[in-house]
Protein chains: 2
Amino acid sequence: MLPVVLDCMGGDHAPREAVAGAVGAVRDHDVPLILVGPARRLRTLLAEHDAAGKIPIVHTDQALEMGEGALASWRKPRSTVAIACELIKHGKAGAMVSAGSTAGVVATSAVRLKGQHGIMRPAIAVTLPTLPLPTVLLDAGATADAKPEMLLQFAMLGTAYAQILLGVPRPRVGLLSIGSEAGKGNKLVKKAHELLAASSLEFVGNLEGHDLLRGRAEVIVTDGFTGNVALKTIEGTLRVGAAELRQALTASRTAKLGAALQRKELGALSERFDSETYGGGVLLGLNGAVVIAHGSSRARGVSAACKLAYDLSRGKLVDRVKEQLGSSSKPSIFARRPHAETAGGVTPG
Amino acid sequence: MLPVVLDCMGGDHAPREAVAGAVGAVRDHDVPLILVGPARRLRTLLAEHDAAGKIPIVHTDQALEMGEGALASWRKPRSTVAIACELIKHGKAGAMVSAGSTAGVVATSAVRLKGQHGIMRPAIAVTLPTLPLPTVLLDAGATADAKPEMLLQFAMLGTAYAQILLGVPRPRVGLLSIGSEAGKGNKLVKKAHELLAASSLEFVGNLEGHDLLRGRAEVIVTDGFTGNVALKTIEGTLRVGAAELRQALTASRTAKLGAALQRKELGALSERFDSETYGGGVLLGLNGAVVIAHGSSRARGVSAACKLAYDLSRGKLVDRVKEQLGSSSKPSIFARRPHAETAGGVTPG
């Protein structure tokens, strides 16, 4: 199996936490890795983990800054992200991981890896901590101005991704809207609804903001603007809720005593909603899987991202997207029946 | 002062809870009211509260159904909502309250009350439970496909509303986007940012999903699609968070004991985030304030909505919007300076 290439200079705590995360990914998850960054520095850090010489390094001195946006790919042709892309392109690696600036990583890898044949725009898929299975939400910000056809393709990308991530052969796909009926939404969503209902995907119809954490579909599709707002709204609401809760639980002496009795349960809950546990976003639609870890990732987050990248590479993400494009985009022969029926999940032959 | 007119047939618990809420609004908040609905039934319900004959009733037998949408205004010319609008139009009432279907109330009142002169589209403003002041988010769903000029007008509507609701002479206005810099967002938001920066509103620049509950502006502007998704995402996240918390806090015997010690603090917190406490949405931009209470409103929610409607009527909402339209829409003489400066909150003379 091809190794995963890790950008060791992306993120707030690079390269220290990147290298620590790499060592964890190799030791705990058997992920074969290549590190990209300043060779000497990386070697020193590896030595601190007794891992000197254990993980191959490709040297470069250039790195994207955290604020760096769409022009980064031109300004820095030898950045760690650019080198990582070249390794995938030349068949030396199967997927990459970076905790660098999302805009910089998206721009550089879109230029270097190029979009998969037939895919109009890339999308970032993120994982929401729903039960019993996580939910894949996309696009979380790669394509702010989408067309209906792009939302259909995002549904295919999300389906391919969820097949690998969740092991579900036919993940249910929902469309984020502002009412559950087919006619509800803005123009973009109404048209996308028609396209999805006519596809052979497992389309379950419109879902709303309050459905995002309810596990009503394995894949929820939206444009990059709405998806980014929704994702950050969830994160912000959980953060504010947790802070207010902490304050309430320590407001009086009896409440504080109560909190002490709940330490274990509250810890497990916050673990589940902690974004580091589930890795980061994945840029889909390019000729290679690109996992974008949170900029604030520590070793644990980097390890999880490397494992995810390896799973996607082994699961042949790019090939699965190709299959989806081949099969789902053709309107089925049932394309003209009323939405309600298609939405029920009947699989046209 | 003109009374508030209450649609007694809207909502899941009409007319019982509507009448109970009306009695509460009169007794506890001195709100002068007119009730609209089936006179005989309303009289019987009023009698149960020892309030027979204390609140005037305008009779009609027609009511909008909860599922009723945009066509309602044509199908039911004598619905409670239509009658309430006529009372405002003829100067018999200053504002109205309904817990009926949002689509039906919006459609009926837009047709009957008409948009204020110069306002392109109405917007629904909702109140988020931030500290120290609540935050007004609009549009929460009246105008799903907005143009940049409409977002500018929503900012004016929100400013007028926040002036009355919060008593702040120059409320800060933020634009919901997917990055804090001026160039971030979709096409709609980028153009709206320019218009807002050139206006004389107290524009503080872009805000993101995670800022919604952080009280960083008194008014946050967005299109009706994004706003509706964001609002429902907050509600859904709080609901899921609370449910998971409840489960965690009762998962073991010690945790359960802990929860008992915190009853008071948890109660106060959930009260703050309970949507019934802060009334519902307000439809802005028409010739009269229309308060849309939650469909699930009980007496307490109806009372709060009546008080809000009365405050808006007394605060001369419609006149304040007119003022905003007159002053803010003219690009200031500083219109051409860089965004960063305007965004800093400098007030042009």
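**Figure 1. A nonpolar surface patch in the predicted model of chain A.** A:L71, A:W74 and A:V111 make up this patch, which covers about 350 Å². Of these residues, A:W74 belongs to helix α3 of chain A, the run of residues 72-75. A:W74 counts as exposed because its relative accessibility is 65%, and the cut-off for exposed is over 50%.

**Figure 2. Side chains of strand β4 in chain A.** Strand β4 spans residues 95-98. A:A95 and A:V97 point one way from the strand, while A:M96 and A:S98 point the other way. In a regular strand the side chains alternate between the two faces of the sheet. Are the four side chains of β4(A) buried or exposed? A:A95, A:M96, A:V97 and A:S98 are all buried.

**Figure 3. Strand partners of β4(A).** Strand β1 of chain A, residues 4-7, runs parallel to β4(A) and is joined to it by 3 bridges. In this pairing A:V5 is found opposite A:M96. Strand β11 of chain A, residues 289-292, also pairs with β4(A) in the parallel sense, here over 4 bridges. A:V291 of β11(A) is the residue opposite A:V97.

**Figure 4. A segment of chain A with pLDDT under 50.** Across residues 330-349 of chain A, pLDDT stays under 50. For this segment the model has 23 contacts beyond four places in sequence. For chain A as a whole, the mean pLDDT is 89, and 92% of the residues reach 70 or more.

Note on methods: Residues numbered from 1 in each chain as written. Chains lettered and ligands numbered in written order. Predicted model: local features only at pLDDT ≥ 70, side-chain atom pairs only at ≥ 80, totals over all residues. Heavy atoms only, no water. Buried < 20%, exposed > 50% of the residue type's maximum accessible area, 1.4 Å probe, protein only. Helix = DSSP H or I, 4+ residues; strand = E, 2+ residues; numbered from the N terminus. Pairing = 2+ DSSP bridges. pLDDT = per-residue confidence, 0-100. Contact = heavy atoms within 4.5 Å. Patch = residues over 30% accessible without salt bridge, like charges linked within 9 Å, V, L, I, M, F, W, Y side chains within 5 Å. Areas by Shrake-Rupley, 256 points an atom, 1.4 Å probe, with all protein chains shown as cover. Salt bridge = Lys/Arg side-chain N within 4 Å of Asp/Glu carboxyl O.
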